Amino acid sequence: MEKLQAEDARYLKRKVKRGSLDVHPTEKALVVQYEVEATILGEMGEPMVGERKECQKIIRLKSLNANTDIASLARKVVEECRLIHPSKLPEVEQLLFYLQNRKKPDKQEKHSPRDLTPFEGMELDEEANINSIDDYVELLYEDIPEKVRGATLILHLARNPDNLEELLQNETALGALARVLREDWKQSVDMATTIIYIFFCFSSFSQFHGLVTHYKIGALCMNIIEHELKRYDLWQDELQKKKKAYILQLRSKNVKKEHEKAFKKYQGLLIKQEQLLRVSLYLLLNLAEDTRTELKMRNKNIVHMLVKTLDMEDEELLAETYAVEKLARLLACDHEDLLNTTLRLLLNLSFDTGLRRQMVQTGLIPKLSLMLADESQGQLCMCILYHISVDDRFKSMFAYTDCIPQVNLAANKRNAQVICEGNGLKMLMKRGLKLKDVLIMKMIRNLSQHDGPTKNLFIDYVGDLAAQIGAEEREEYVIECLGTLANLTIRDLDWELVLKEYNLVPYLKDHLKPGSAEDDLILEVVIMIGTVSMDDSCAATMAKSGIIPGLIELLNAQQEDDEFVCQIVYVFYQMVFHQATRDVIIKDTQAPAYLIDLMHDKNAEIRKVCDNTLDIIAEYDEECGRKVQSEKFRWHNSQWLEMVENRAMGDDGEPFMYGDDGEPFMHNGDILERPDLFYSADGIIPADGIISPEFFTDYQNGDIGQAGGFPGSMNIDMFGQSTVTPGQRPATAYGIRPDQQLFYSYSGAASR
């Protein structure tokens with residue numbers, strides 16, 4: 001409709017039609033709906049142009065409480081508001097009675113940062129029109145009340161995303177808003193709040209962030225927040241002084257009145273300040289999507305400001321602020337948005353090890369455990385607890401909470417015992433196998449890794465787990481079932497029967513081929529082969545099926561993957577304990593040569609398993625034993641050997657290069673061919689470096705004393721015996737099973 005210009009007409013006639021009454025949905029307020037008709041009359045009084053407009057007025061009832069006299073308040077409302085006809089008095093009383101007894105909703109309406117809630121002072125008695133933007137800009141050059149009105153009208157336009165593009169083209173309007181905010185924000189909190197809200201509307205869309213940055217609104221908001229927090233501290237100090245004076249002079253009516261007046265004023269100021277801080281923080285939150293802007297905020301001490309805002313009591317404001325030290329107390333609040341924001345912040349912080357420790361120290365584990373039943377917040381609580389449970393130091397703390405057993409908790413031995421008590425394992429296994437649930441099976445797999453009574457409980461489910469191993473099942477599901485079986489290093493378990501009953505050997509052999517499946521599944525196959533190879537008959541079956549060449553082929557293909565190398569070497573370690581497979585490995589494969597090459601691998605776990613395997617091979621094969629001894633000597637004396645060889649090739653020989661008889665040590669042969677150069681231990685270990693089977697037998701029977709030593713592997717005891725027993729597997733190439741003792745010391749057993 002054409003814009004009305006009253007000054008161009010002779011007469012202007014306005015008519016207000018009273019409308020309906022209703023209550024505000026969230027506030028203690030009445031809403032009056034009315035209609036305005038404006039008609040321009042000609043010189044003879046004839047109507048020329050007319051316009052009709054729907055309007056509303058909100059009457060806030062700040063004094064309404066449980067003790068308010070409803071009849072008196074209703075009369076006062078009708079008298080002061082001309083839009084309400086006196087005949088509506090009974091209706092007003094009824095609405096006020098409803099407001100007085102209306103219960104506060106349990107769950108408040110959610111508002112995302114993109115949909116900031118309106119605040120007091122935004123209401124208008126006219127509808128903003130994008131065509132009148134120039135008139136609104138003119139108001140920004142007037143006094144403060146006109147500036148507030150002009151900014152409010154522009155805000156109503158900016159809250160409609162369809163208008164943002166057009167407002168973006170109006171540099172005059174945006175420049176005027178930025179100038180007024182920069183120059184006059186201290187003069188009016190309402191004006192500052194309204195203008196920041198306008199730029200917040202732009203900041204809600206990433207494509208407009210450049211505009212907000214251009215006018216330096218973010219930096220200005222930082223200054224405003226800092227100033228308002230200082231004002232807050234001053235108000236608090238002043239209020240405390242008046243309160244103290246009131247307490248000291250309790251009988252003074254003047255002091256009491258002054259204190260009450262100051263407190264009422266403080267509450268009014270605080271409401272406006274919290275609105276300003278809220279919209280400023282929301283704008284900064286949107287701008288923080290850019291990491292460079294976020295870094296600038298941090299450099300301007302944004303964290304310190306945010307922590308100070310936590311001293312305030314406004315829940316809407318707290319829902320938009322972040323801090324570490326004071327978050328625990330916020331978990332007890334009933335404000336859903338604040339609680340959700342707090343948990344999301346805790347989740348982000350839980351990625352840091354040091355902050356997880358602080359969460360535990362402040363007692364968050366039991367608090368979060370109790371919140372797991374909350375449908376809206378339970379998922380966030382579970383994620384935070386999961387991150388905390390990753391740290392081995394804190395796993396045991398979950399055993400005495402109501403927390404539902406989850407994956408990482410099962411990695412702790414005490415937690416595993418609690419979970420498996422009664423029918424716990426039975427119910428988990430039943431549900432996991434029935435639903436083929438990967439997460440439940442992952443939890444069961446973690447439970448199965450613990451030695452002792454817990455592991456023995458799995459014997460009843462070996463058949464059920466073995467039946468899941470097949471090409472028709474999902475790989476991730478098979479990985480967990482296979483991993484659980486591989487954890488069952490139980491000597492009384494008849495693995496040969498399991499392999500035959502469920503025809504597992506072909507499956508294991510086929511999935512050893514590089515590229516036949518995902519690496520995770522192939523690795524579990526290798527670990528499974530290592531477990532069943534504890535059994536003599538199973539090891540023989542594996543050797544006959546041609547699995548050993550497959551392992552060597554896989555070792556060549558995965559030689560850069562420490563986990564694969566460690567577990568394949570462990571399979572060789574298990575197999576050399578059995579005569580049938582030991583002969584195959586030593587005589588028919590290149591496994592000993594690979595093991596010698598791996599003796600000095602950079603990974604400590606690989607070196608341990610490799611050294612122990614070679615010690616056993618050297619016991620039964622003289623030639624291999626010499627190679628092992630020679631390689632160990634070379635490694636431990638590499639610098640000395642290099643010096644000897646370099647000096648021997650020089651023209652000027654040194655005296656120490658010759659023996660007592662003047663003959664040089666170095667002839668035309670290899671220095672390692674001189675057996676007298678090897679260390680020995682008074683005849684216990686012969687000079688040729690070979691340890692006889694009788695040596696092990698005598699030692700295990702206690703016939704050899706504790707004197708002497710064997711300067712071989714760093715992972716054997718002082719008598720040269722392997723410190724690993726056949727039933728114990730290295731946890732991983734990275735050593736991540738804290739509850740498992742990797743190597744058993746014979747010397748420790750002997751001392752007992």
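**Figure 1. Lys-436 is partly exposed, with a relative accessible area of 29%.** Buried denotes under 20% relative accessible area, exposed over 50%, and partly exposed the range in between (1.4 Å probe, protein chains only). The residue Lys-436 is placed in the loop between helix H20 (424-435) and helix H21 (438-447). Helices (H or I, at least four residues) and strands (E, at least two) are DSSP runs, numbered from the N terminus. Although Lys-436 is not a glycine, its phi is positive, at about 50°. The model is predicted: local features need pLDDT of at least 70 and side-chain atom pairs count only at pLDDT 80 or more, while totals for chains, interfaces and linings use all residues. Residues are numbered from 1 along each chain as its sequence is written, and side-chain values use heavy atoms, with hydrogens and water left out.

**Figure 2. Lys-216 in the loop between helix H8 (209-214) and helix H9 (217-248).** Lys-216 is not a glycine, yet it has a positive phi of about 55°. With a relative accessible area of 61%, Lys-216 is exposed.

**Figure 3. Packing of helix H28 (residues 536-544) against helix H31 (residues 579-588).** Two packed helices are described by the angle between their axes and the distance between the axes. For H28 and H31 the angle is about 35° and the axes are 8 Å apart. The axes are lines fitted to C-alpha atoms, for helices over the stretch in contact, and angles run from 0 to 180 degrees between N-to-C directions. On the H28 side, Asp-536, Ala-539, Ala-540 and Ala-543 meet Gln-579, Ala-580 and Thr-581 of H31. The residues of this contact comprise four nonpolar, two polar and one charged. A contact requires heavy atoms within 4.5 Å. In this classification Ala, Val, Leu, Ile, Met, Phe, Trp, Tyr, Cys and Pro are nonpolar, Asp, Glu, Lys and Arg are charged, and the others, Gly among them, are polar.

**Figure 4. Aromatic pairs, of which the structure holds seven.** The ring centres of Phe-202 and Phe-208 lie 5.6 Å apart and their planes stand at 80°, so this pair is edge-to-face. Rings of Phe, Tyr and Trp (its six-membered ring) pair if their centres lie within 6.5 Å; planes under 30 degrees apart count as stacked, over 60 as edge-to-face and the rest as tilted. Phe-202 is buried at 0% relative accessible area, and Phe-208 is buried at 5%. Tyr-573 and Phe-577 form another edge-to-face pair, with 5.1 Å from centre to centre and 90° between the planes. Tyr-573 is buried, at 1%, whereas Phe-577 is partly exposed, at 32%. One aromatic cluster is formed by Tyr-197, Phe-200 and Tyr-282.

**Figure 5. Arg-582 over the ring of Tyr-620.** The charged end of Arg-582 sits 3.8 Å from the ring centre of Tyr-620. A charge sits over a ring if NZ of Lys or CZ of Arg is within 6 Å of the ring centre and within 35 degrees of the ring normal.

**Figure 6. Two buried cysteines, Cys-221 and Cys-624.** The relative accessible area of Cys-221 is 0%, and that of Cys-624 is 7%. A disulfide is a pair of cysteine sulfur atoms within 2.5 Å, and by this rule the count of disulfides is zero.

Figure 7. Of the 752 residues in the protein, 48% are buried. Among contacts between residues at least 6 apart in sequence, 63% join residues at least 24 apart.
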